[in-house]
Amino acid sequence: MRALTWQGIRNVAVRDVQDPVIEQPTDAIIRVTSTAICGSDLHLYNVLAPYLQPGDVLGHEFMGIVEEVGSGAAARLKVGDRVVVPFGIACGQCWMCERELYAQCETTQNTDQGTGARLFGYTSLYGAVPGGQAEFVRVPHADFGPVVLPEGGSDDRFLYLSDILPTAWQGVAWADVPPGGSLAVLGLGPVGQLAVRAGLYRGAGEVIAVDLVDERLARAREMGARVIDLREVDDVGQAIRDLTSGRGADSVVDAVGMEAHGNPVAKRVISAASRLPKPLGRAAVEHAGIDRLDALHTAIDAVRRGGTVSVVGVYGGAIDPMPLMEIFDKGITMRFGQCHVRRWTDELLEIVSRDEDVFGLESLATHHVPLEQAPEMYELFATKEDGCQKVVLHP
């Protein structure tokens, strides 16, 4: 089959790879109909080389048709079912899963790496499981994970249930926005855009959206957010306080993560670590790694005293400096973590199945292309050229 493979830093290629097969009774084989490039994939494209090998199949946002089902998953799935697959692999039965902490599933935890549940297409840190930017995918724990979809409706209406929609939803839910309160969203990539929409849907009185890309700001404004153009203000925290009676936002969602703009020195350090020989690179990341923290520090500055910062952008640094005095003095609640996708999918499936496209999912992707064009789309998505905000690939 054809699949998008990692070959090196900023170097991905579509290659012929071995077809997946049923390995465990709870496996299923999915024929992929749509798969997206996620902002998290750009971390693999740019900085996580120490945890990748040439030939690794990428991608964790995908949906498709069930082609084969193991005996242990046959009670939930049948050949021909249309499904979307959560990016995290969970058993649904362990101590963590019973508490809906699916990203920490104890059955699929990567205990050798000290990390949480396995993820599709996301490095040896998370199990080196072949990903979904491919014609076919083996889905472990298919007796729990895949979400069976209605037959009608475009793929774009359901594809984002795999990751970015529940990630945005969890980010807003964990931000604890008071009824009618204020929510600031930092970063208006696909997750940030959906966080704006989720915040308004869940009853925020005001959503303030921050970015520096014209198309992203325009889309957030169209959805009803007040926007702050990062290029036009010297102090984002102060700009948010100016819009919130001088206090700051009740809640802030950081939808940016480790590759924020605003710290060129950190950017050079991270780039250098990613180019070290793999054992040295892994040691640098795990024991001396830093992130570009401008977004996170801005979130801490912009939230009001007693407010909540919810972090959905990915961070990986081991020795990141944090303004602990400010966090303590302001009495901030901070929540981090991978999305527990299946915790939210039943609720979200009902919403996205309505006639109205509540979250604007069908217009979120700016580029739909064949899988063979994935390498050029990675570069386009990374540089944000041609108005690129979200890419969907079709194998």
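An open sheet is built from 6 strands in the order β12-β11-β10-β13-β14-β15, with parallel pairing. β12 (226-229) and β15 (333-335) stand at the edges with a single partner strand each, so one side of each lacks a neighbour in the sheet. On average, neighbouring strands of this sheet are turned by 20° against each other, direction ignored. Inside the sheet, β10 (residues 182-186) and β13 (residues 249-254) pair in the parallel sense over 4 bridges; leucine 186 has aspartate 254 in β13 as its bridge partner.

A word on the terms: this is a predicted model, where local features need pLDDT of at least 70 and side-chain atom pairs count only at pLDDT 80 or more, while totals for chains, interfaces and linings use all residues. Residues are numbered from 1 along each chain as its sequence is written, and side-chain values use heavy atoms, without hydrogens and water. Helices (H or I, at least four residues) and strands (E, at least two) are DSSP runs numbered from the N terminus, and two strands pair if DSSP finds at least two bridges between them.

Now to β17 (residues 391-394), which pairs with β3 (residues 28-37) in the antiparallel sense over 3 bridges. Here alanine 36 is bridged to valine 392. β17 also runs parallel to β16 (residues 367-370), joined to it by 4 bridges, and proline 370 has histidine 394 as its bridge partner. From β16 the chain passes through helix α13 (residues 374-383) to β17 in a right-handed β-α-β crossover (clockwise from first strand over helix to second, with the strands pointing away from the viewer).

Is helix α1 (residues 39-46) mostly covered or uncovered? It is mostly covered, with 7 of its 8 residues buried (under 20% relative accessible area, 1.4 Å probe, protein chains only). Among them are Leu42, His43 and Tyr45.

A cavity is a set of points on a 1 Å grid over the protein atoms alone where a 1.4 Å probe fits but cannot get out; a pocket is an open set with protein on both sides within 12 Å along at least five of seven lines, and lining residues have an atom within 4 Å of a point. The whole structure holds 1 cavity of 30 Å³ or more.

| Space | Volume | Lining residues closest to the centre |
|---|---|---|
| Largest cavity | about 140 Å³ | Pro86, Phe87, Gly88, Ile89, Ala90 |
| Second largest pocket | about 270 Å³ | Gln18, Asp19, Pro20, Pro130, Arg138 |

Terms used
Buried < 20%, exposed > 50% of the residue type's maximum accessible area, 1.4 Å probe, protein only. Points joined across faces, edges and corners; volume = space filled by probe spheres on them. Axes fitted to C-alpha atoms, helices over the stretch in contact; angles between N-to-C directions.
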